[in-house]
Amino acid sequence: MLRIDLEGHFQEKIDREERIEAKDWMPEAYRKTLIRQISQHAHSEIVGMLPEGNWISRAPSLKRKAILLAKIQDEAGHGLYLYSACETLGIDRDELLNELHTGKAKYSSIFNYPALTWADMGAIGWLVDGAAIMNQIPLCRTSYGPYSRAMIRICKEESFHQRQGYEIMLTLSRGSTVQKNMAQDALNRWWWPSIMMFGPNDSDSTHSAQSIKWKIKRFSNDELRQRFIDMTVPQAELIGLKIPDPDLKWNEERKSYDFGKINWDEFWNVVKGNGPCNKQRLRDRVKAHEDGAWVRDAAVAYAEKKRSGRVN
C-alpha cells in the first residue's frame, strides 16, 4: 500500500510540473531509465569528439582550427556535466565509463560514420548538432532536476555549434564547383543517419511511452524527426543544396514535408556494432582513457595532499 502511495505522489508531482531532485523518492524504473538516457547522452558527447578531433590539424585556416577546438572543448564539458548529473542517481562514473569501454552502454549511432572531408565538419555541425538540439531543447524541461539544469547550458552552446556547421556549408556552397560538390556529398552521406538520430519509429520504440508519461521526454521520436526535417529542408534550399531524398515533397494539407522510407536495417546494424567506425571509435576512446590515467592519478594525489595540508 505504501508503495502505491509513493508512486501516486511521485506521478502527481510530475503532473504538476515539479522537478524530481536527487534525494527525492523515485521508482527504480525511473532511476534506471534516467541512467540509461543520461549516460548514453554523455557517452555520445565524448565519442562525438573523435571524428572532429581528426580534423583539427587539417582545418583550412587558423580561424577554422580555433573554432573547431572550441567546439570540441564544449563537447568535453557537456560530457562532464552529464556524467555529473548521472552520478546524482547513485551510479559511479567509473562504472559508467567501464560500460562504455566494454561495449555494454550505447552512444549515438551517428558517430560510427566516418568524417571524410572538411565539409563533414559542416554537415556534422549543421545536421548532427541540429538534430541534437531538436532532441535536447525539450530536455530543458525534463522532470529530473539535475538533468534539466545541465541541458540549459548545453543547448545554448549547441546552438552555436549548429550555426558554425551551417556557416561552413554556406561558405562551401558559395565557393568553387569542387567546394559545392564537396558540401553536397557531405549532405548526401549525413542526411539519413541524422534523421535516424531520433530513434526508431514510435511504434517500435520500447521506452518512449513511459518516458513521456514521466515527462523525461516531452515529444515522441517521430514528432521530433518531422520537426527537424521541416526546419532543415528550407535551410538546404537557401544555400542551393539538395536533400538526398527523391520522395521528399511538401504536403500542403499537413503543412509539412513527406519523406522517404528510412533504412532501419542499417540503423540497427550500426547500433549492434557493425557500422563503418564502431570498432575504431571504441578502440580510440579506450586508448584515450588509458593514456590519460596518469593525469587522473596526479589530480587525485594532489587533492589528497591539499586536503591533508601538505601543500598550499
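Here is a short chat about how some terms apply to this predicted model.

Modeller: Quick ground rules: this is a predicted model, where local features need pLDDT of at least 70, side-chain atom pairs count only at pLDDT 80 or more, and totals for chains, interfaces and linings use all residues. Residues are numbered from 1 along each chain as its sequence is written, and side-chain values use heavy atoms, with hydrogens and water left out.

Biologist: How do you know what confidence the protein chain has?

Modeller: We look at pLDDT, the predictor's confidence in each residue, from 0 to 100. The protein chain averages 93, and 97% of the residues score at least 70. Helix α1 (residues 2-15) is lowest, at a mean of 83, while helix α8 (residues 177-196) is highest, at 97.

Biologist: What span is expected for helix α7?

Modeller: The rule is 1.5 Å times one less than its number of residues. Helix α7 (residues 145-173) has 29 residues and reaches 42 Å from first C-alpha to last, close to the 42 Å expected.

Biologist: Why are α7 and α8 called oblique to each other?

Modeller: Their packing angle is about 140°, with axes 7 Å apart. Under 35 degrees counts as roughly parallel, over 145 as roughly antiparallel, 65 to 115 as roughly perpendicular, and the rest as oblique. So α7 and α8 are oblique.

Biologist: Which residues of α7 make the contact?

Modeller: Met 169, Leu 172 and Ser 173, facing partners in α8 that include Ala 183 and Leu 187. Contact means heavy atoms within 4.5 Å.

Biologist: What is Met 49 in contact with, leaving aside its neighbours within four places in sequence?

Modeller: Ile 72, Glu 75 and Ala 76.

Terms used. Helices (H or I, at least four residues) and strands (E, at least two) are DSSP runs, numbered from the N terminus. Axes are lines fitted to C-alpha atoms, for helices over the stretch in contact, and angles run from 0 to 180 degrees between N-to-C directions.
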